[in-house]
Amino acid sequence: MNSVGSTRLSARSKALILFLFSFGALQAQEPAIAPKPDKVLVRLFTDGGQVTVDKSHHGSTESGADLMFSLDDHHRFGLRVSSLDINAAGKHQRYLVTGFVFETVMFNWLRTEIGTAGFVGRGENSGTNPFGLVSFLGYEKRLGRLNLSIGYEGQVIFTHPATQVRSIRAGLGAHF
């Protein structure tokens, strides 16, 4: 009985090893019809919102473009260039904003973004070049090669005192 029992166990072990190997080999292969993620997203955006400087509130507008590179179906990184206009404290402040951002799309509709930005002063604000942080939380919808988005954007500009920009941002992009 011991020899029969050990033979059965050996056959079961062989079957289990063969199954696990086959299952692992199937998992390692990509399906032939799997869609490939688009590598580049070019997005134009605009926003309008509120700026807080020294506990007083003022208006702001921004427009620009993102050049995003896909890591996979849900993660992107890229460059951002925009023009930010702030009407605060009786003067018009203008910045050229350049930065590096990371974004994640969860549940195929919820986009989060965070990044760093350099704010290059223009016009009356020339010579002022602070550093800052940008963030975004909103809805994203993909329609074929087009990409629509809308959401809340927050920026902190490290000036003295710090400037906070809160706005509603809308964007239209194209995947390549």
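Biologist: With which residue does Arg-76 form a salt bridge, and how far apart are the closest N and O atoms?

Modeller: Side chains of opposite charge can pair when their charged atoms come close. The criterion used here is a side-chain nitrogen of Lys or Arg within 4 Å of a carboxyl oxygen of Asp or Glu. Arg-76 forms its salt bridge with Glu-140, and the closest N and O atoms are 2.9 Å apart. This pair links distant parts of the chain, with Arg-76 in strand β3 and Glu-140 in strand β6, 64 residues apart. Bear in mind that this is a predicted model, in which local features need pLDDT of at least 70 and side-chain atom pairs count only at pLDDT 80 or more, while totals for chains, interfaces and linings use all residues. Residues are numbered from 1 along each chain as its sequence is written, and side-chain values use heavy atoms, with hydrogens and water left out.

Biologist: Is Arg-76 buried or exposed?

Modeller: The classes rest on relative accessible area, taken with a 1.4 Å probe and protein chains only: buried is under 20%, exposed is over 50%, and partly exposed lies in between. Arg-76 counts as buried because its relative accessible area is 7%, and Glu-140 is likewise buried because its relative accessibility is 6%. For the protein as a whole, 32% of the 176 residues count as buried.

Biologist: Which side chain meets that of Glu-103 in a salt bridge of 2.9 Å?

Modeller: That partner is Arg-43, with the distance taken from N to O. Here too the pair links distant parts of the chain, since Glu-103 lies in strand β4 and Arg-43 in strand β1 (residues 40-53), 60 residues apart. Glu-103 is buried at a relative accessible area of 2%, and Arg-43 is buried at 0%. Glu-103 also meets Arg-111 in a salt bridge, 3.5 Å from N to O, and both Arg-111 and Glu-103 are buried. The count of salt bridges comes to 17, and a network of them links residues including Arg-43, Arg-76, Glu-103, Arg-111 and Glu-140.

Biologist: In what order do the eight strands close into a barrel?

Modeller: To read such an arrangement, start from the terms: helices (H or I, at least four residues) and strands (E, at least two) are DSSP runs numbered from the N terminus, and two strands pair if DSSP finds at least two bridges between them. The protein has one helix and eight strands, following the pattern α-β-β-β-β-β-β-β-β along the sequence. The barrel order is β1-β2-β3-β4-β5-β6-β7-β8, with antiparallel pairing. Strands β2 (residues 56-70) and β3 (residues 75-88), for instance, pair over twelve bridges and form a hairpin with four residues between them. Strand β3 in turn pairs with β4 (residues 91-106) in the antiparallel sense over 14 bridges.

Biologist: What are the bridge partners of Ile-86 in these strands?

Modeller: Ile-86 in β3 is the bridge partner of Ser-60, and its partner in β4 is Gln-93.

Biologist: Which residues form the nonpolar patch on the surface?

Modeller: A patch is made of residues with over 30% relative accessible area and no salt bridge, where like charges are joined within 9 Å and nonpolar side chains (Val, Leu, Ile, Met, Phe, Trp, Tyr) within 5 Å. The nonpolar patch consists of Val-42, Leu-67, Phe-69, Leu-79, Phe-100, Phe-102, Ile-114 and Phe-176, with about 730 Å² of accessible area together, the areas coming from the Shrake-Rupley method with a 1.4 Å probe, where for residues only the protein chains shown count as cover. Strands β2 and β4 each supply at least two of its residues. Phe-100 is found in β4, and this residue is partly exposed because its relative accessible area is 34%.
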